[in-house]
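I opened this model to look up its helices, sheets and backbone exceptions. My notes follow in the order in which I made them.

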Amino acid sequence: MVIVTTIRRDVLTLPAAPLGPDNPLPPLRLPYEVHRTDVRDRADLPRDMARQAGYGPLRSLLPVPVRDGYGRAREPREFETIVIENDRLRATVLPALGGRITSLLHKPTGRELLYRNPVFQPANFALNGAWYSGGIEWNIGATGHTAFACAPLHAARVAAPDGGEMLRLWEWERLRDLPFQVDLWLPRDSDFLYVGVRIRNPHERPVPGYWWSNTAVPEGRRVLAPAEEAWHFGHERRLRRVPLPPDPHSSPYAADWFYDLPDSRRRWIAALDADGHGLVQTSTDSLRGRKLFVWGTGRGGRRWQEWLTEPGTGGYCEIQAGLARTQLEHVRLDPESEVSWLEAYGPLSGPPAVSEAEARLEAALPRAAVDEAHAAWKPYADAEPGEILASGSGWGALEVLRTGWKLPGTPFEESTLGAPQAPWLELLRTGSFPEPRRVRPPGGTLVAPHWRDMLETAPATPLTEYHLGVAQWHAGDRAQAVRSWERGLELAPSRWPLLRCLAVADQEGGHRERAAERYADAFGDLCQERRDDGESWTAATAALGREALEALLAAGRTAEARAVWQRLHAPTRARGRFRLIEARLLLAEGRPEAARAVFDEGFEVADLREGAEAIGALWNRLGDEPLPPAYDFRMRPDTESP
């Protein structure tokens, strides 16, 4: 039998910033999220959109850790890739970075169909922090960029419907506790990469579902989709239906255009250059949404484009496809059910008109052929993987051990269990959560109801009370969480994790002074306890120090904030985020000239969040001069420089 697709390992070398360690503090609060609607706006939406916009919002990022340890100093680094190739296309996949397709090359013409970022530069755009731009990414979990953006997936060879091989990517999505898979294959002589996606809900309860496939293409391309209107979401944070403008790229500010595709129309979106060449994406009908994202022509948008890559290398926009009409919605996954669909990505050439582009797409890949390919793939979705090409996490293996679930096609082998899962495996097998053998920051907490139940019946050690409180907080039982943390504090040899949780509870309850006191106590306890300048202690010191500084400054306790600053490690104080805090501290101390000098010396806040305005707000307190372009990330007209 002829093998119609080849799959091989390779290496891609890029200038890359290090990811650094994860933040060891449990994310008890959601970060600022720009993709959120006001409840009052939902009255004007279609009934199903309004329902889905209010369905299943995240309570927190738990149990996923925040990834904020990256910087901006780039050095050459090798990334393991998996290359899928036939005689027409070559797709390059990064299994350790969310399974992203970093390149899709059309071999007969030599055209790259995607925007290829020439660097690996994490930025604070994912739900849990680190994300990078370029290629095709698979977003699952909740509204926003996936927590897998910079995390590994399992990958393996598996039999394809046409007799060749597919590349299967799979993992356990921890925000919703769902297994998912992405199958990639190239039929012989095909100009289209096929992508079969399946999300399973093995629970006996409904679960909110979310999926958007995001494709970066060079900016300035004409984007086509079979719609005359769109749901616009921009700087005003309002979702409203508008006629499609002639050129959405001309918007001065970043904006989302969710195309309002009629139910009867084929699902597709294309991006073509000035010569009529580019990429088209199409799918079966269940992937109903299509979207264009643009950064806008304003100074803030241009600065973000530079921030995510090398200046002068060109920007990008995104064409996207999702389960709902907009990215502000979650869909209901019924108990013990699954949802699947098929996508196809390939070249398209022709005049930049919707009707002609759709006709050319139909000639190249008929709508019926996509439906047939989906039907042919579905039996192969359960095919057991062959050669393992990359490994993800052990969290899926832990859940399979707990439940005994059978998940054909996506094995979560016990061999993938590692140190992060070890204490939870012991809790599962013995009913007790183990105390650490040496003093160290506590690991992550599992917060799903079954794990919370196990913690409640485990012996009430200080560490168990800490984890139990985090799980109770996630469940919305904040009073009980505080009681658990207070009980743990009575006998805890390590007090700072519990004090920090109580400080967050104080902040959420409006007790600013008490929160500041607890943060100061927590940071002092950490500095007494830390054993070395190793990665885990440095990450803990930076994370807790940052929160303590912000709480103390908010409470006007400047002298205590200065004391915290002085106990930070010198490399931490030199990071851009802490240089910004230093400028705030100097201003609070009545030293505006010194605060201005911090700006003049220059700094880069690596984990600056999309939509954040802290730099501009602080600059405005220092004088009347326009914000320098290097610091201008502002995305709203009321804060944009003249």
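Predicted model: local features only at pLDDT ≥ 70, side-chain atom pairs only at ≥ 80, totals over all residues.

Just after α15 I noted G590, with a positive phi of about 80°.

Entry 2, the sheet of nine strands. I traced its order as β15-β19-β20-β24-β12-β11-β10-β9-β25. The sheet is open and its pairing is antiparallel. Which strands are at the edges? I find β15 (222-224) and β25 (388-390), each of which pairs on one side only. From one strand to the next, the twist averages 20°.

Within this sheet I looked at one pair in detail. Strand β9 (residues 154-159) and strand β10 (residues 165-173) run antiparallel and are joined by six bridges. I looked up H154 and found W170 as its bridge partner in β10.

I then checked what lies across these strands. Helix α4 (residues 367-377) lies across β10, β11 (178-185), β12 (193-201), β20 (277-283) and β24 (337-349). Its angle to β24 is about 135°.

I find β3 (residues 89-94) paired with β4 in the antiparallel sense over six bridges. T92 stands opposite S103 of β4. Five residues lie between the two strands of this hairpin, and there G98 takes a positive phi near 75°.

Strand β4 (residues 100-106) is mostly covered, with seven of its seven residues buried. I followed β4 on to strand β5 (residues 111-112), where two bridges join the antiparallel strands. H106 has R111 as its bridge partner in β5. The hairpin of β4 and β5 has four residues between the strands, and G110 takes a positive phi near 75° there.

Which residues does a cis peptide bond join? I find L62 and P63, with omega about 5°. P63 is in the loop between α1 (47-53) and β2 (75-85).

I noted D189 for its positive phi of about 65°, although it is not a glycine. D189 is in the loop between β11 and β12.

E336 is not a glycine either, and I read a positive phi of about 50° for it. I place E336 in the loop between β23 (331-333) and β24. Is E336 buried or exposed? I call E336 exposed because its relative accessible area is 59%, and the cut-off for exposed is over 50%.

Methods
Residues numbered from 1 in each chain as written. Heavy atoms only, no water. Pairing = 2+ DSSP bridges. Axes fitted to C-alpha atoms, helices over the stretch in contact; angles between N-to-C directions. Contact = heavy atoms within 4.5 Å. Buried < 20%, exposed > 50% of the residue type's maximum accessible area, 1.4 Å probe, protein only.
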